[in-house]
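Let's take a friendly walk through this model, one topic at a time. Keep the viewer open as you read.

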Amino acid sequence: MNDRALVKAQSGKRARVRSTPKGRQVDPRARDEVRALLKDQPRRRDLLIEYLHRIQDRYGHLSAVHLVALADEMKLAMTEVYEVATFYHHFDVVREGEAAPPAITVRVCDSISCEMAGAKDLLAKLPGILGKDVRVLHAPCIGRCETAPAAAVGQNPVPHASADKIAALVKTKALKHPAAAYIDYAAYRAKSGYALAKSCIGGEKKREDVIAVMENSGLRGLGGAGFPAGRKWKSVAAEPAPRLCAINIDEGEPGTFKDRWYLERDPHRFIEGALIAAWAVGIDEIYIYLRDEYHGCRAILEKELAALKADPPCRIPPIHLRRGAGAYICGEESAMIESIEGKRGMPRLRPPYVAQVGLFDRPTLEHNMETLHWVREILERGADWFASHGRNGRKGLRSFSVSGRVKKPGVHLAPAGITVNDLIAEYCSGMLEGHSFYGYLPGGASGGILPASMADIPLDFDTLNQYGCFIGSAAVVILSDKDRATTAARNLTKFFSEESCGQCTPCRVGTAKTLRLIEEKKWDQPLLKELSAAMMDASICGLGQAAPNPVLSVMKYFPNEVA
């Protein structure tokens, strides 16, 4: 007698047999809808985020039945799909019994530059003007700080946003991103574009010579860390093949918009730089990770990469464009790699470093987009040309993203080592009328805050370290006498608290606790310093390590505001 028969005989009752397997069942209609969206695409794990985007783009949200169907189709556990979908800001997961979000979502940036330009008032007004059929959300930096306050209606950016301008967009349903004028593939080729890449890949140049020029130029990574580019090429090239390249265009640092500015004007310049880097290092495949806020840039890249692949000037490796989903943490290189692999964007513990064990566990050359943007020009003009620029003993050029209380905000290409005083006077046409220079952020949200009395420090890598600050991605936010450093610190700390991935306790708890402490009129400075030390010493990645910088700067350089 088998076990089931034995139980039946002993109990005198009929054994209960399940008619369906345990767990959620796949809805046939949802399965068909998911299959129609995925078509004949491979069901690989690393494409999970791409497929979540397809569902959300089609239906406006991610329903439970679609998540179950996607998990089944990709042969993944439901928990794996759900944890990824709920990690990213731009995915709207609708649980069973919940109502779907309105068809139109308006996101208003309330990061530092936009808050200074009136984002709070705009957020307060919009719900009453737009009504219940439009969802209004506050958003972290959307990379349009030079046009603050910035907003997005759907995926359509709204520069210098006002309630009337947004209401008109919503009414006319003009939700598509306007076409941008830029140098396309044909125009780029017509001006010797890809000739250098062709000569490299065709064997006319030697890898070691090209890497030597990059080293001698002094070009450093322009995403924030500042690691010498030539040295990175040499390091990754020494690792065993196959090797991969991951290009980081997830510039979510408040105050930063230089990558978008270049992408909207000359996208092939960085692509050619990537091809040259791939050849020099021995890269098998290239992955481009673009933040989801840059919808217009994504359309440009999709079109131009297709043109390049249809008529390549030389042999090119496979190039994959991957779409972020709204997570500042994915600007950190290992978190970006996790996201490309279709996972939550949580930073990895190091070592090993991504140059050794990176994307898909292969040695990976990780670069910021702007770093690659300079490769062609440096190789054509020579290392001495790039190094010849600079002031105050520094070498090179820097693309400063300048926003705040200046007459001419924007991306300003200036010599490395320029001071903020000179940057304002020579490139930004001075301060706004009626505003006096009061302070500045030399390196975006995490770079600290300095008073106007310290505006003669050269802006470059390593020059600000002794002051507890750094240049990062060269995002300079100018404050005036209408602002307060304490208000800026609260805005920045709120940003870090909301953008912490939550993986490590020092960052997850520390940013939230810091925000509560600095909301008080009088700051508990001993406790804040102790908390900051714990975050800087024990956080896994740069978010938690740098999050205390604004608060520490205010206590050090603006003591009268926190006493």
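Is Cys200 buried or exposed? Cys200 is buried, with a relative accessible area of 0% (buried is under 20%, exposed over 50%, partly exposed in between; 1.4 Å probe, protein chains only).

## About the model

This is a predicted model, where local features need pLDDT of at least 70 and side-chain atom pairs pLDDT 80 or more, while totals for chains, interfaces and linings use all residues. Residues are numbered from 1 along each chain as its sequence is written, and side-chain values use heavy atoms, leaving out hydrogens and water.

## Cysteines

The whole structure holds zero disulfides (a disulfide being two cysteine sulfur atoms within 2.5 Å). For Cys200, the closest cysteine sulfur belongs to Cys314 and lies 9.0 Å away, too far for a bond. Cys428 is also buried, at 0% relative accessible area, and its sulfur sits 14 Å from the closest one, in Cys145, again too far.

## An open sheet

Five strands line up as E12-E11-E15-E13-E14 in an open sheet with mixed pairing. Strands are DSSP runs (E, at least two residues), numbered from the N terminus, and two of them pair if DSSP finds at least two bridges between them.

Further in, E11 (residues 397-404) and E15 (residues 475-480) run parallel over four bridges. Gly404 has Ile478 of E15 as its bridge partner.
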